Structure formats: structure tokens, C-alpha cells
Amino acid sequence: MSKPSLPQGTRDFNAATVQKRQYIFQTIRTVFELYGFQPLETPAMEQLETLMGKYGEEGDKLIFKILNNGLDNPQKVTATAEGFQKILEGKNTTQITERALRYDLTIPFARYVAMHHGALTFPFKRYQIQPVWRADRPQKGRYREFYQCDADIVGSDSLLNEVELTAIYLTVFKQLNLGVEVKLNNRKILLGLAQVCGGEDKMIDLTIAIDKLDKIGWEKVAEELDRKGFSAEQQKIIQSYLEIEGSNESKLEQLSRLLNGNESAVKGIEEIQYVLDYHAQSGLAKNLVADFTLARGLNYYTGLIFEVKAIDAQMGSIGGGGRYNDLTSLFGVPNVPGVGISFGVDRIYDVLEEKNLFPASVEQNTKILFFNLGEAEAKEAYHLMETLRAKKIACEIYPDKSKFDKQFKYAEKKGIPNIIIIGSDELSKKECTLKNLTTGTQQIIPFDALATMEF
RNA sequence: GAGGGCGUAGCUCAGUAGGUUAGAGCGACAGUUUGUGGCACUGUAGGCCGUGGGUUCGAGACCCAUCGUUCUCCCCA
């Protein structure tokens with residue numbers, strides 16, 4: 001028997017970690033509900049067909065596929081062999097795999113809306129907090145199993161939704177006490193730029209190239225644009241576009257001048273302006289940054305796009321989202337516009353941990369440990385615990401009659417702040433000795449007085 | 001998908017140019033102390049040196065593969 005191990009990129013979470021993660025989940029969940037979103041859960045696995053082709057070529061490769069059962073069935077050897085042949089040719093086949101682990105929460109949500117659109121009340125607002133799986137190579141801030149927390153609104157074109165979703169970002173990170181920048185851009189602006197520089201069909205090439213700006217620098221981006229056939233004049237516009245700096249106000253103005261008159265860009269600028277205006281008074285507005293280099297890989301986005309970056313942290317984006325006009329048409333139900341955001345809990349955790357931003361209070365534990373000094377004493381302690389627990393005071397008794405030393409050390413290790421000693425003396429006087437381990441002080445408390453105390 | 005670093009006790013790590021029986025600190029356990037912890041002292045346990053193969057008279061050290069981990073690229077949360 002070899003040593004047990006975990007699959008690559010997966011983790012166990014100990015008590016302290018779970019509590020800190022719950023703190024993040026709870027913060028996000030509470031804010032989602034405060035904005036009128038309701039929960040949804042979908043299965044860990046989906047039909048492979050539901051997921052394939054939705055995340056681009058790279059994405060397809062990163063989907064965890066589930067091997068069909070019964071491939072070794074002698075009656076199916078021919079079909080299985082055929083299936084493997086197709087796999088080797090790079091094709092997918094239900095003969096080998098027909099299910100896969102979900103890759104994100106947005107596509108399963110779109111599938112859900114498509115399946116139930118007749119029964120849902122629109123606008124439909126749902127939030128979803130579940131793990132997703134990607135067959136990516138793990139590294140810092142990247143896992144093969146990680147949680148996303150999504151909130152989406154479908155069935156409404158209103159920009160008020162974008163306003164609310166950005167407000168959710170700002171509120172959650174304020175509550176988590178984490179400094180962030182919520183970047184805003186608009187696919188309509190990128191489309192406008194593409195129209196001005198070489199045509200709509202080059203939009204994808206263009207966005208991929210400019211998305212790399214902060215990584216490889218303008219020189220390399222220009223090289224790539226050259227390869228993709230952008231003229232010197234077009235590159236000059238793109239360069240000016242990327243060099244836009246200043247306040248949000250000033251950036252929008254510069255952009256407006258640069259792409260003068262382009263209908264799509266004008267619309268995109270107005271939409272960003274709309275969201276910024278709504279937040280102008282809030283005090284959190286300073287964290288909203290118009291960033292025209294933001295592209296986002298998923299090409300189902302059609303309007304405003306968002307990305308959240310923690311300030312002063314070596315970590316990729318910790319959240320992202322945007323508007324998609326027609327996601328459910330992938331599943332045969334057209335004309336359901338939507339907009340959504342996502343929080344990457346695992347990365348948020350890593351950043352909060354690195355910056356030491358978890359409040360001490362998240363590590364909830366036992367408040368009182370009753371020492372075990374024998375059968376009769378333990379029984380009395382048990383009755384007292386019932387009273388305390390009814391008052392929601394977490395307490396426990398050391399299960400074995402052991403030396404003081406051992407019981408003290410147990411309390412210490414678990415970080416239990418108080419211990420109660422009931423020995424034969426106390427038992428006969430109907431009182432107990434309460435000791436605070438942090439201060440070292442102790443007092444005698446009558447049994448009936450215990451339940452009225454605060455811990 | 002491409003490339004690099006690392007993997008020795010529960011934890012953090014030593015282990016020189018391959019050479020007998022693989023070490024330390026912390027932790028755990030026991031005792032000094034059968035109703036008052038944290039300190040100290042004494043002692044004890046704990047290792048298929050990630051796994052499998054190879055080179056060698058001899059491998060924890062070298063080679064190959066594999067798994068895990070970490071970092072970079074790609075892409076992303």
C-alpha cells in the first residue's frame with residue numbers, strides 16, 4: 001500500500017481554513033441576497049455536449065471529461081475501439097465520454113435558463129456558489145478544483161443591472177477590507193476600435209493582442225499586429241488608444257475624440273459613463289477604473305465587461321464578468337440578454353491570507369472546556385453543558401478522566417478560552433471553578449448562576 | 001500543452017567527492033508533579049530517504065520514468 005495522496009491541484013481544508021473560507025462565502029452570499037439574488041445549484045457534471053465549444057479551443061482542452069462506465073463490456077468492444085480511434089483523431093465521441101465536470105457556472109446557468117425559460121419569472125436573478133474543475137496546470141493562484149461565486153441577471157437590458165453588479169463588487173471587497181480596482185471596459189468600444197482599424201472581423205485578433213499589453217509591452221504587441229495585417233496607420237490609432245491615461249472622465253473624453261463618431265464606441269462610452277455616474281457619490285467610486293486594455297477571453301461578452309484586481313498583490317484577477325446578449329441561444333432559446341459577475345474565492349483567500357486580512361473572530365471555537373474528574377462529576381458537567389448549549393454557548397467536556405496537565409493542554413491546543421472544574425468539593429457545594437486561560441484568573445460560580453453568564 | 005526548481009521523522013530542515021547502524025530542532029508521548037496548564041529537566045517512540053526501474057561491489061546522493069509540489073510561458077478565477 002503506497003502512501004495516500006491527492007490528485008494534482010486539489011486540496012484538503014483544515015478547520016481554520018474552512019472557517020476563513022466560510023467567512024468569504026458568507027460575505028458574498030449575504031451581499032448577493034441583499035441585492036435580491038436567489039440561490040441555484042446545478043450538478044457537478046453536465047453533458048459533455050453542453051460544455052464543448054463554449055470556452056474556445058483552449059477551454060475545450062481544459063474540460064475534465066468523465067470516462068463512460070462499462071467500456072470493458074465484451075459486447076461493446078467494437079464500439080469502444082471505434083470510440084478510442086476517434087479520440088486519437090482528436091474528435092469527441094459519446095462512445096467513450098458523454099459527461100464532463102463543469103468548467104464554470106455561467107454555461108450551466110445558461111443551460112438551466114434555456115431548459116426552464118417557460119417557468120421562470122424574468123428578469124431572473126440567481127446566484128450560485130459551487131466548485132468548478134479545470135484540467136489546467138496548477139501554479140500560484142491556480143487550482144484544478146476551485147469555487148466560483150456567480151451572480152447573473154437574465155431577461156433585462158437595463159444598465160441598472162450593471163450598476164448593481166459593480167456595486168456588489170465594491171461592497172463585498174469593502175466588507176472584506178481588501179483594496180481592489182474594478183476595471184471597466186466595453187466590448188462595444190473594442191468593436192468600435194476594430195471598425196476604425198481594419199474591420200469588425202479583426203476584433204478577436206485585436207482584443208487578443210491588446211490584452212497582452214501589460215505582459216509583453218507595446219513593442220511586442222505591435223509585432224503581433226503586424227503579423228495580423230494591421231497597417232502602420234491603424235497601429236498608430238491602436239497605440240494612441242492604448243496610451244490613454246488619466247482620470248476616468250479624461251480617459252473617456254480622449255477615447256471619444258480618438259474614435260470620433262464611431263457609433264458602437266459612442267454607445268460603449270455612454271454605458272461606462274452611465275455606470276460611473278451612478279457611483280459618483282458613493283465613496284467607493286474611486287475603485288472603479290475605466291481600462292480600455294481590458295479584453296477578457298470569453299467571446300460571448302457583448303457589452304460592458306468587468307475585472308477585479310487586488311491592489312498590491314501578486315495575483316491574477318480575483319473576479320470578472322460582463323454582459324452577454326444571447327447566451328441561451330447556444331441552447332436554442334434566443335433573445336435572453338444577461339449580465340453577470342463572478343468571484344474567485346480561492347484567489348481571494350490567498351490574497352487575504354497573504355495580507356493578513358482575516359478578522360480573528362472568524363475562527364469560531366469552543367468557549368468552555370469542562371474538566372473530567374470522574375463519573376459523577378462528569379454527569380453534573382453534562383447537565384450544565386445542556387443548559388449552556390441551549391443558550392448557544394459552545395462547550396465540550398474532556399471525554400476521559402485524565403490528569404489536569406493533559407486536559408489543560410487540550411484546551412490550550414484548541415484555543416478554548418475558559419475551563420470549568422467540577423470535582424467532588426464543587427459537586428457537594430453545587431458550584432464550579434471557572435478559570436479564564438488567557439488571564440489566568442479563576443472564580444467560584446454556583447451552578448444556577450452559570451447559565452446567566454456571558455462568554 | 002511547453003520548460004525549470006524541489007520531494008529525507010507529524011512540521012522545518014541537515015546529510016560533505018556515492019561507503020558500515022540516516023541526523024538535529026520543534027512537536028508528540030511518558031516521568032519529575034494522583035486538583036491548577038504555559039517553563040525547565042530526564043526519557044521514549046517515530047523514517048520502504050515520494051514511488052518504480054536502472055548504473056554500481058555498494059545509492060538518500062548518480063541516470064530514467066512516474067506521482068506530488070512550486071515557478072515561468074500559454075490561458076485563466
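Biologist: What are the ground rules here?

Modeller: The model is predicted, so local features need pLDDT of at least 70 and side-chain atom pairs count only at pLDDT 80 or more, while totals for chains, interfaces and linings use all residues. Residues are numbered from 1 along each chain as its sequence is written, chains are lettered from A and ligands numbered from 1 in the order in which they are written, and side-chain values use heavy atoms, with hydrogens and water left out.

Biologist: Which residues of helix H7 are buried?

Modeller: Terms first. Helices (H or I, at least four residues) and strands (E, at least two) are DSSP runs, numbered from the N terminus. Buried means under 20% relative accessible area, exposed over 50%, partly exposed in between (1.4 Å probe, protein chains only). H7 spans residues 187–196; its buried residues are Arg-187, Ile-189, Leu-190, Gly-192, Leu-193 and Ala-194.

Biologist: What covers the buried residues of H7?

Modeller: Contact means heavy atoms within 4.5 Å. The cover includes strands E7 (180–186) and E9 (304–310). It also includes helices H8 (203–211), H10 (232–242), H11 (248–258) and H12 (263–279).

Biologist: Which residue caps the N-terminal end of H7?

Modeller: Asn-186 does, with a side-chain oxygen 2.9 Å from the backbone nitrogen of Lys-188. After H7 comes Gly-198, with a positive phi near 100°.

Biologist: How many salt bridges does the structure hold?

Modeller: A salt bridge is a side-chain nitrogen of Lys or Arg within 4 Å of a carboxyl oxygen of Asp or Glu. There are 15. Arg-11, Arg-21 and Asp-346 form a network of them.

Biologist: Why look for pairs three or four places apart in a helix?

Modeller: An α-helix has 3.6 residues a turn, so residues at that spacing point the same way. Take Glu-58 and Lys-61, which meet in a salt bridge at 3.9 Å, N to O. They sit three residues apart in helix H3 (residues 56–62), about one helical turn. Glu-58 is exposed at 55%, and Lys-61 is exposed at 58%.

Biologist: Where do Glu-253 and Arg-257 lie?

Modeller: Both are in helix H11, four residues apart, about one turn. Glu-253 is partly exposed at 48%; Arg-257 is exposed at 56%.

Biologist: Which residue forms a salt bridge with Lys-414?

Modeller: Glu-396, with the closest N and O atoms 2.9 Å apart. This pair links distant parts of the chain: Lys-414 in helix H15 (residues 404–414) and Glu-396 in strand E13 (residues 395–397), 18 residues apart. Lys-414 is partly exposed at 36%, whereas Glu-396 is buried at 14%.

Technical notes. Polar contact = N/O pair within 3.5 Å; in protein donor to acceptor, adjacent residues only side chain to side chain.
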